[in-house]
Amino acid sequence: MSAVAESVSKRSTVNRLSAENVTLAYDQRVIAEQLSVEIPDNSFTVIVGPNACGKSTLLRALSRMLRPSEGRVLLDGQVIQSMPAKKVARTLGLLPQSSIAPDGITVADLVGRGRYPHQGLLRQWSAEDERVVQESMRQTGVAELADRYVDELSGGQRQRVWIAMALAQQTPLLLLDEPTTYLDIQHQIDVLDLCAELHETQGRTLVAVLHDLNHAARYATHLIALRGGEVIAEGAPNDIVTAELVEQVFGLRCQVIDDPETGTPLVVPAARKARAERQRLTTAS
Amino acid sequence: MLVDSPPEQCAETAPAPPTRRAARAFGLLLSAAILVLVALASIAIGAKSLSLDQVWHGLFHGTGTYGDVVVDERLARTVLGLLAGAALGLSGAVLQALTRNPLADPGLLGINAGASAAVVTAITYFGVTSLTGYVWFAFFGAAAVGALVWLLGGSRGATPVRLALAGTAISAALYGYLQAVMITDDAALGTMRFWTVGSLASATNSTILQVLPFLAVGTALALGLARPLNAVAMGDDTARALGANLGRTRALAMLAATVLCGAATAACGPIVFVGLMVPHVVRSFTGPDLRWILPYATVLSPVLLLGADVAGRVVARPSELQVGIVTAIIGGPVFIFLVRRRRTAQL
Amino acid sequence: MKTRSMNRAVRAPGGLSLRLDLRALIVVALLLVAACAAGVALIGTGDAKIPAADVLRTLAGHGTAYQDFIVNELRLPRVLVGLLVGASLGLGGALFQSVSRNPLGSPDVLGLSQGSTAGALVVIVLMSGSTTQVTVGALIGGLATGLAIYLLAWKQGVHGYRLVLVGIGVSAIATAVNGYLLTKADMVDAARAVVWMTGSLDGRDWDQVWPLLALCAVLVPVVLAGARGLRMTEMGDDVANALGVPVQRVRLVLMVCAVLLVAAATAAAGPVSFVALTAPQLARRLTRSPGPNLVPSLCMGAALLVAADWASQRAFGADQLPVGVVTGVLGGGYLLWLLVTERRAGRI
């Protein structure tokens with residue numbers, strides 16, 4: 001009863017970020033057609049799917065890096081491309097996969113550059129900027145690296161510095177494109193814990209593209225499963241992650257069990273022999 | 001260029017499938033056939049119109065008629081074009097592999113500047129006036145700058161970026177010197193403005209004999225480097241892991257490129273773009289394997305050089321356009337087209 | 001914190017705040033002093049030598065009539081052209097290097113200089129034009145080349161690497177055209193052409209000063225307004241976009257400014273080599289701060305060019321060798337020094 005009421009109320013309020021019937025293409029190569037996605041407010045939404053399913057492309061469209069050839073992306077009810085660039089940048093932050101640390105820049109300077117949308121010609125470095133930069137570095141645990149050069153840091157540290165820069169932007173919405181790539185398992189968990197904390201304690205809306213389905217299922221409050229540019233399923237991980245869905249989206253036979261730590265779904269791929277056996281049976285029949 | 005491009009080449013560890021190898025071998029034969037046709041055209045066509053009979057007579061029954069003299073000159077010119085073209089293409093391909101930079105060309109390593117500075121010195125301070133006299137100076141200048149770039153680039157520890165930077169730096173200083181001399185000495189200006197555009201017109205048998213031994217050694221060395229350079233193309237660490245001797249490979253590649261380009265520049269002046277463009281085009285259909293790139297570049301570069309030379313003789317009749325100008329005017333647009341065709345992701 | 005970058009914020013009531021890099025400020029001040037000192041020295045140098053104190057007195061309007069003529073009519077305009085050309089090249093070079101994300105992305109490499117040269121040579125060789133016509137020809141050549149490079153490199157936006165590559169192609173074509181024109185010229189025109197191609201301040205007067213000054217007065221503020229956006233694009237287009245920088249628009253505006261600056265400077269003094277390449281690199285090493293370092297590069301360019309002109313006059317005698325020879329040799333020497341001292345690969 002209460003669940004029904006909640007879902008109704010959710011539908012009646014308009015979410016801040018959504019894509020309506022967008023067609024996404026690079027040059028002539030179409031990645032997705034007529035794709036519609038809602039990012040629930042105050043959620044930690046994770047987009048999963050096999051390689052080349054359009055995850056990152058969707059994220060690029062949501063963050064206005066890619067202009068849809070049809071359809072529109074709405075932020076607070078406005079078409080995102082029609083809004084002033086700085087205004088968008090104060091609402092929606094993005095941690096892209098490709099970023100370059102300028103030669104000889106220090107951690108504090110790089111994080112400080114995240115304040116750009118809040119600054120102007122006559123307001124170049126306010127006390128507020130200083131405070132937010134310190135705060136962002138503290139949250140990501142890079143405060144003690146403030147004076148180090150970015151190109152001296154390890155991969156895990158560097159990724160946290162970039163996240164700190166995105167945090168310093170102070171946006172209620174934050175989009176992250178594969179934030180855990182190239183990190184070892186401990187740093188992956190560090191980064192995801194940090195995201196969860198940002199979501200829980202500060203109420204920010206997070207959207208991340210993740211490769212690891214188990215990470216996605218553990219941390220997401222809302223999961224979007226893509227395949228071939230189409231949304232196959234979306235919802236809370238507990239509701240949608242099933243063996244059937246994994247097979248449908250990733251083409252992988254598996255069991256889904258309860259995560260002993262959190263109770264969230266845990267995907268255990270079927271053993272090689274079992275999969276081969278299954279393969280033989282299906283081809284025989 | 002100092003562009004840190006992702007290494008475009010990676011060696012093929014597995015041999016290519018037999019069909020592809022056959023296709024590539026056939027392509028190489030076809031290229032050789034085209035080269036023969038272009039060479040024949042270079043003998044038959046020129047600013048002076050000769051009938052095919054006259055050409056035939058000049059080639060095989062030379063008796064010293066006017067036509068025979070023309071054919072003799074064209075023959076020398078064609079042979080030089082073949083040799084110089086092959087040398088430039090080969091040295092360009094080797095340098096691109098060595099510096100892991102698809103834009104490297106011999107000019108990048110200061111070789112053209114070295115040759116030019118030496119020639120202007122020869123004219124102004126040694127009073128050399130004959131073209132055959134320049135050859136040794138030019139070759140010496142190119143070789144000296146090649147060695148200097150190698151030393152300043154860090155010799156055995158040289159990295160692609162350091163080599164490129166050393167070449168640019170030395171070129172800058174030498175061009176400053178070149179301009180200073182040209183401004184103060186009219187005789188030098190008079191000669192240099194023709195020499196620096198690059199031309200095959202001055203080819204004589206003695207020029208060819210002077211540079212031939214260097215070209216032969218350089219070609220053999222370069223072709224022998226295909227395998228080690230394939231390994232170097234994959235990055236220093238991978239190359240070491242594959243057991244390649246990085247220092248020796250770099251030294252030999254640098255030597256081969258300098259000797260080849262230096263000899264070619266000595267004989268016909270600085271000709272740009274052949275060494276840059278041909279390996280670039282070749283790579284687009286052979287893939288990254290230097291065992292194919294090097295032979296293809298050797299065969300196709302003279303096609304471009306001789307073709308440009310023939311075109312230069314035809315378009316400006318009764319005078320002619322120097323081959324260095326024609327290669328740049330043809331090569332520039334082709335190069336820009338290639339750059340534009342590549343996908344954004346690769347740039 | 002910030003012991004390394006030495007950034008200081010200056011805040012005024014009412015939300016006004018400026019961010020100042022102390023080290024960069026000191027560098028800029030020192031470079032300005034150096035440029036002015038070199039300028040005074042250059043005014044004093046020549047067939048009629050004038051001590052620095054007299055130069056300063058004459059500039060202030062208290063010299064003899066003779067000194068006044070030499071200083072204010074003959075030599076001051078030359079020095080001012082030198083300062084303005086150097087400043088334009090330094091600033092233009094810094095912009096090109098930042099946009100192309102490449103330390104070699106200078107106007108010499110991108111083919112702008114060669115395009116200007118082609119314009120000038122057409123006038124010199126084919127039309128035997130006057131000095132003013134040569135200037136106009138060079139300006140047209142430079143602007144047309146800049147436009148051609150931009151259009152050819154445009155493909156859903158301009159990216160650094162493609163810009164450099166297209167520039168190299170255009171540069172080679174222009175070089176061939178220049179070589180052809182030189183072979184077609186008679187000896188007198190060829191000699192004139194080579195002097196022009198080297199870059200010289202010889203005989204520059206007030207007619208060159210005013211247009212350059214006006215252009216700088218308009219363009220420098222425009223460039224500085226775009227500088228903060230440009231700093232952001234150094235972190236990649238996606239990051240800059242996410243921070244709210246209209247990347248392609250910033251790039252277009254700054255490229256147009258850079259082309260105008262470099263084309264005007266080249267038209268006034270010829271393609272003085274290597275100032276645009278070295279000034280931003282030197283400035284960067286002095287300020288030790290990331291970012292395009294626009295103002296330090298501008299000051300460095302001005303100081304370099306005037307100092308090189310002074311050095312050439314001192315070393316070879318008045319008007320024996322044009323300034324371009326010295327900047328070429330110095331530029332090469334500087335790069336070599338860089339190579340020997342800076343062992344860290346990838347930093348260059």
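**Figure 1. Where the chains meet.** Chains A and B do not touch, and their nearest C-alpha atoms are 10 Å apart. This is a predicted model, in which local features need pLDDT of at least 70 and side-chain atom pairs count only at pLDDT 80 or more, while totals for chains, interfaces and linings use all residues. Residues are numbered from 1 along each chain as its sequence is written, and chains are lettered from A and ligands numbered from 1 in the order in which they are written.

**Figure 2. The contact between chains B and C.** Here 44 residues of chain B meet 45 residues of chain C. On the chain B side, α6 (160-184), α7 (186-195) and α14 (323-341) each supply at least two residues. Helices (H or I, at least four residues) and strands (E, at least two) are DSSP runs, numbered from the N terminus. Which helix gives the largest share of the chain B side? That is α6(B), with 16 residues. Sorted by class, the side of chain B that touches chain C holds 29 nonpolar, 11 polar and 4 charged residues. In this sorting, Ala, Val, Leu, Ile, Met, Phe, Trp, Tyr, Cys and Pro count as nonpolar, Asp, Glu, Lys and Arg as charged, and the others, Gly among them, as polar.

**Figure 3. The contact between chains A and C.** Chain A brings 33 residues to this contact and chain C brings 29 residues. Looking at the chain A side, you will find α3 (85-91), β6 (92-95) and α4 (107-112), each supplying at least two residues. The most come from α3(A), with 4 residues. The chain A side that touches chain C has 17 nonpolar, 10 polar and 6 charged residues.

**Figure 4. An open sheet in chain A.** Follow 4 strands in the order β2-β1-β4-β5 of chain A, with antiparallel pairing. Two strands pair if DSSP finds at least two bridges between them. Why do β2 (29-39) and β5 (78-79) of chain A each have one side without a neighbour in the sheet? Both stand at the edges with a single partner strand, so one side of each is left without a neighbour there. Between β1 (residues 17-26) and β2 of chain A there are 7 bridges, in the antiparallel sense. Within this part of the sheet, V22(A) stands opposite L35(A) in β2(A). Helix α2 (residues 55-62) of chain A lies across β1, β2 and β4 (70-75) of chain A, and runs at about 120° to β1(A). Axes are lines fitted to C-alpha atoms, for helices over the stretch in contact, and angles run from 0 to 180 degrees between N-to-C directions.

**Figure 5. Two loop residues of chain A with positive phi.** Most residues other than glycine have a negative phi, and most peptide bonds are trans. N42(A), which is not a glycine, has a positive phi near 60°, and its place is in the loop between β2 and β3 (44-48) of chain A. R64(A), also not a glycine, has a positive phi of about 60° and is found in the loop between α2 and β4 of chain A. Are these residues buried or partly exposed? N42(A) counts as partly exposed, with 15 C-beta neighbours inside 10 Å, whereas R64(A) is buried, with 21 other C-beta atoms within 10 Å. A residue is buried if 20 or more other C-beta atoms lie within 10 Å of its own, exposed if 12 or fewer, and partly exposed in between, with C-beta atoms placed from the backbone.

**Figure 6. Crossing helices in chain C.** The axes of α3 (residues 65-100) and α12 (residues 275-287) of chain C come within 7 Å and cross at roughly 75°. These two helices of chain C are therefore roughly perpendicular to each other (angles under 35 degrees count as roughly parallel, over 145 as roughly antiparallel, 65 to 115 as roughly perpendicular and the rest as oblique). Among the residues in this contact are G86(C), L89(C) and G90(C) of α3(C), together with V275(C) and A276(C) of α12(C). By class, the contact has 7 nonpolar, 5 polar and no charged residues.

**Figure 7. A close look at V253(C).** This residue lies in helix α11 (residues 247-269) of chain C. V253(C) counts as partly exposed, with 17 C-beta neighbours inside 10 Å. Leaving aside residues up to four places away in sequence, V253(C) touches V222(C) and G226(C). V253(C) and G226(C) are 27 residues apart in sequence and 8.2 Å apart in space, C-alpha to C-alpha.

Conventions: Contact = placed C-beta atoms within 7 Å.
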